[in-house]
Each structure stands twice: as structure tokens, then as C-alpha cells.
Amino acid sequence: MTIRWDSLLVRELAQELDRDLRGARLRALRLDGRTRDALLFFRDRTVVWRLHPNRGYVLVEGVVEPEPEDLRLRAKVRQVRAPSDERVLIAELAPERSGDGPFELVIELLGNRLNAIVTQGVDRRVRHSLLTPGGGRPVQVGHPYVPPTPTGRQGVDGSLTPGAWSGVLDVVPPPDRAKELVRAFAWVSPIVADTLTDDADLGFERWRGWADGSTPVEPCILASPKGPQPYPYRVSDEAQPAPSLIEAIRTAAEAASVEDDAVALGVGPALLARIEEALHRAQRRVVRLTAELDGREDPAEARAVGDLILARYGEIPAGSESVTLVDFEGRPVEVRLDPTQQPHENANRYYARASRSERAAERLPDLIRRAEEERARLTELDRRARAGDVEADEVRKALPARAEKGRKQPDGPSLPYRAFRSSGGLEIRVGRGAKHNDELTFRHSAPNDVWLHARHTAGAHVILRWPHSDNPPARDLEQAAALAAVHSKARTSGSAPVDWTRRKYVRKPRGSAPGSVLADRVQTVFVEPDEALVDELAVGPLS
């Protein structure tokens, strides 16, 4: 819902806010560029300016605690005013500490170009801006504030003669009189222009009472084709009275509210962004796990290839990368082999692939179910946060833990690694640098864990926790290898080789440099370094 702002409405709202807020202590300010809301956190209330083109209005709510990311602007309201015949409202703020100000919060209510700007100093330099408008009047942080061009219309101070007024009405045809009054005279807008054209004398007297402020303010709600319209004067008999302009605005906003029009007061944009980030990761996890389940190898086919290799052992030349064998039903089958391994070792590889596929069929449905539950939980958390139905502390507790630089263990020093979790639920530990690689490899891993490192380049040691004697699932190994590539100098390569072996086959030569090791029984996988995995798989330190 948006209301039409004209200079009379802005002027009288400024005077009402001045009476209510003068001397009030401001604790913090939030300019949310995504929702286009400007929030003023006072000790006894919260003023919310909703400045999106589709919902331009102001509300006064109860006390809300600012978020840590909000601008701490401790000041006292000195005055709220509106320049004559302008749709601009200015709150002058006196800082509590000397040398910090003065500050101004400028609310521009110009058509669909609504904005909030914080200026500082006598030269009114822009310190913060809700958005940067285009056109010939840019608002740039660090530069002096340039106000909108004045309307330049006649009668700003009410000093207009009846002859000047009637002169316009006498020469303009009736259909165009309202538009001409808006163009020529201050304080006239399309909201009231039609009420001033029928009788020149009565229209002029009504206008003069508004222009010089002698007409008493009567807050009300007008009926208009665009919805309820708060206004300071009863310009029609059908106008509904209201106790104040703020209450008239609230009533109009509630009458025309839409589903996504709630104000999330206690949850700031940074916290909302964290919810969105967590929800995005949860969605990608569901997609990734589902694709892994759908794309897994048929274990029966893999086991059949292993059986065929053993049955046709003598037909396989040494060092073959592939061979065509006749299966048990007389059909030719092309079998891909590792040329460095014997036929029985290749058969064991196919049996291991069949076992991994069967294990995946057992574990992935439960992982998908839990991932879908997490996605649904975060979706509901996001809805509640945007609707203002949840407090910031509850959101923080409900968000999944994230790996952060310098995160500390509960009882002391920071861990030598960052923790991640693969799509299959395995823990991946990535060393924090050369001096921490040795500690990760030799003190924070088990002998059967998988050790990885980008080949022939500097990079982090990576540990994939895997206590079993067979090889880890290919997808989990690939993700661990991708993290090793991302945390190395090969991060910009399109494809990077990553060596891996069991941690028990890694040794530290005496006197070698930090992070320098020798590894035996190494195998190599080629992966694409994917920076997105750092966010997708990140978790807090695991026990």
C-alpha cells in the first residue's frame, strides 16, 4: 500500500512528529536497502518509514532492540520540519557527544523516488543513503547533500492576491483548471485541486487557510480510486475522522495491506541475509543428494562386471585400459580398467563400487529426508522473520552453525582446521595454513582417514574422516578434493589434480618445513575448484 504525498500532508505530519519526538533520544538507525525501510530506534518507541514505491508510509511501533549491524547514532531529536511546499521531511538530530554532528535524517517523499538520507556536519555531507537515485541529482556518500529542486510555485507563504488566483481560473477552461492550479500555486496537489475550482472566491479562501496554516488540522482518511488516503484536512464530507495523522496512516496501511507487507522490526537485514544463505544451502543440499541418489550406479551391474573380469581373467592383457569381454549370455561388454592394477584388483574395484552404491541406497533417503526437513524449517523461519513473528535471538539460535575464521573451541584455542560436511554427511577438515597443516594431519586425524592435497602446488592439507577399510564414496571424495583445490594455488584452474591416500601413509621427514610431508600409495583425482562449496558445505567445528 502506498499513499500520495503532497506538501500539505508532509508539512502537517512533520509538525505532528515534531510534537511527539522533540527531545526523544535516538539509539540507532537502520537503512535496509533491500526492503527500503528506514527504522529509527528510540528508547520508548520505534519509527518505521516504509519507502518502497509500492508501500510508502510511516508507522510508530513499540520498543525494539537494535541489531549489532544497525548504525549506532546516539542523538536527541532537536526538531522535525518540512521545507515549505516540498515533499521532504527533515529530522534534525543533536548528537550526545560533542564533535559528532549535527546530523539530519532527510526523508524524501517524491513520487516513486522515496529515499532516506543521513547527513552530518554543517555542510550536510551524506553519510548514509537508503538508495542512490539516478538522474541529475545523485546522492553520493561523502559529498554534500543536494536537495530536490524547489517547486518555485506562487504563494509559498500564503501571500497571494485573490486577483492572481481568479486570473488563472478565468482564462483556463474548466477541464484544465485543476491541473493549472497544481502547476501554478504552492500547496495545491491533485488530492485537493478539484475542491478549489468550482467557486473562485471560496476556493481561494480555502487555499489561503491551508497555505498560511490558519485552518485547523483535522486528520482524516479520504476515499480515493487508489485506496484510503490519509490527509490533514477534511476536503470531502465522506472523510473518516482519525485521532492523528499517524493513526490515519496506520489505518489506511492496514486497510490496504498485502501478504508481504509485514514489518520485520527485530530481525535486521544482516540476519535475514543469513537465513537466506542457510536456506539456499539447504535447497542445494536437497538437490545434490537427490541427484546423487538418482544417478547412483546400479550395484548389480557393477558386481556383474566384477564377476565377468574374474571369469575371463586369462583374456585380459596386462596394462589394458579397456577390454571387450563376452558376458555369460553371449553379449560383448566393454569393460574399463585401471591399467596399473591386476585383473583381480580391477574386479575388486567394481565390487567396491557396487558396495558403495548399495550403502548410498541405504543412507541417502534418510539424508534427503533430513535435508528436506531442514529446508522446510528454514523456510518457515524465513517466513516468520519477515512477518515479524520471531525475535532476533531466536533466529540466531535456529540458524545452523557456520565455520568462521578464528572460531574457538569452547574451552580454549582455535582449531587448526575449518570444518565442512560432505553431501553424504562425512566430515571434511581443511587446514588453516602451512603452520597448521602438520597439526591437522598428525594430531587431528585417524590412521584410516583420507588425506588429500593439491598436486605440485602449495595448499591446505585436507582430511576426509573415513574409518572404514574400503574407499570412501566417490561423491564425498570428489567434494573433499574440490575443497583441497579451492584452498590451494590451483583454485583458479579449470581442472586441478588432487592426490589422496590414507593418512597412515603420510609421514613427516625430519627437519622438513612446516606443512611439508611425503605420501605413499597416492591416487589422483581431477576436480574443478568450486568456491561455492566453501559456503555450501561449511559447518561449525564437529566433535
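The model shown is predicted.

**Exercise 1. Classify R377 by its relative accessibility, and describe its salt bridge with E374.**

Solution. 
Step 1. The relative accessibility of R377 is 33%, so R377 counts as partly exposed, given that this class lies between the limits of 20% and 50%.
Step 2. The side chain of R377 meets that of E374 in a salt bridge, with an N to O distance of 3.0 Å.
Step 3. Both residues belong to helix 8 (residues 343-387), where they are three residues apart, about one turn of the helix.
Step 4. E374 also counts as partly exposed, because its relative accessibility is 24%.

**Exercise 2. Describe the salt bridge between D393 and R396, and classify each partner as buried, partly exposed or exposed.**

Solution. 
Step 1. The closest N and O atoms of D393 and R396 are 2.8 Å apart.
Step 2. Helix 9 (residues 392-398) contains both D393 and R396, three residues apart, about one turn of the helix.
Step 3. D393 is exposed because its relative accessible area is 51%, the limit for this class being over 50%.
Step 4. R396 has a relative accessibility of 29%, so R396 counts as partly exposed.

**Exercise 3. State how many salt bridges are counted, and examine the one between R153 and D85.**

Solution. 
Step 1. The count comes to 39 salt bridges.
Step 2. In one of them, the side chains of R153 and D85 meet at 2.7 Å, N to O.
Step 3. This pair links distant parts of the chain, its members being 68 residues apart. R153 lies in the loop between strand 9 (125-129) and helix 2 (162-171), and D85 lies in the loop between strand 5 and strand 6 (88-95).
Step 4. R153 counts as buried because its relative accessibility is 16%. D85 is buried as well, because its relative accessible area is 2%. The limit applied to both is under 20%.
Step 5. Salt bridges may also join into a network, as R81, E92, E104 and R124 do.

**Exercise 4. Which residues form the positive surface patch, and which gather in the patch of negative charge?**

Solution. 
Step 1. R43, R72, R74 and K76 form the positive patch.
Step 2. One of its members, R72, is placed in the loop between strand 4 (55-61) and strand 5 (75-81). The relative accessible area of R72 is 42%, so R72 is partly exposed.
Step 3. The negative patch on the surface consists of D194, D198, D199 and D201.
Step 4. D201 is found in helix 4 (residues 200-211). Its relative accessibility of 57% is why D201 counts as exposed.

**Exercise 5. Is strand 17 buried or exposed, and with which strands does it pair?**

Solution. 
Step 1. In strand 17 (residues 450-454), five of the five residues are buried, so the strand is largely enclosed by the rest of the structure.
Step 2. Both faces are covered, with V450, L452 and A454 on one side and W451 and H453 on the other.
Step 3. Strand 17 pairs antiparallel with strand 18 (residues 462-464) over three bridges. Here L452 stands opposite V462.
Step 4. Strand 17 also pairs with strand 19 (residues 496-502) in the antiparallel sense, over five bridges. In this case V450 stands opposite R502.

Technical notes: Residues numbered from 1 in each chain as written. Predicted model: local features only at pLDDT ≥ 70, side-chain atom pairs only at ≥ 80, totals over all residues. Heavy atoms only, no water. Patch = residues over 30% accessible without salt bridge, like charges linked within 9 Å, V, L, I, M, F, W, Y side chains within 5 Å. Areas by Shrake-Rupley, 256 points an atom, 1.4 Å probe, with all protein chains shown as cover. Salt bridge = Lys/Arg side-chain N within 4 Å of Asp/Glu carboxyl O. Lys, Arg positive; Asp, Glu negative; His and termini not counted. Charge placed at Lys NZ, Arg CZ, Asp CG, Glu CD. Helix = DSSP H or I, 4+ residues; strand = E, 2+ residues; numbered from the N terminus. Buried < 20%, exposed > 50% of the residue type's maximum accessible area, 1.4 Å probe, protein only. Pairing = 2+ DSSP bridges.
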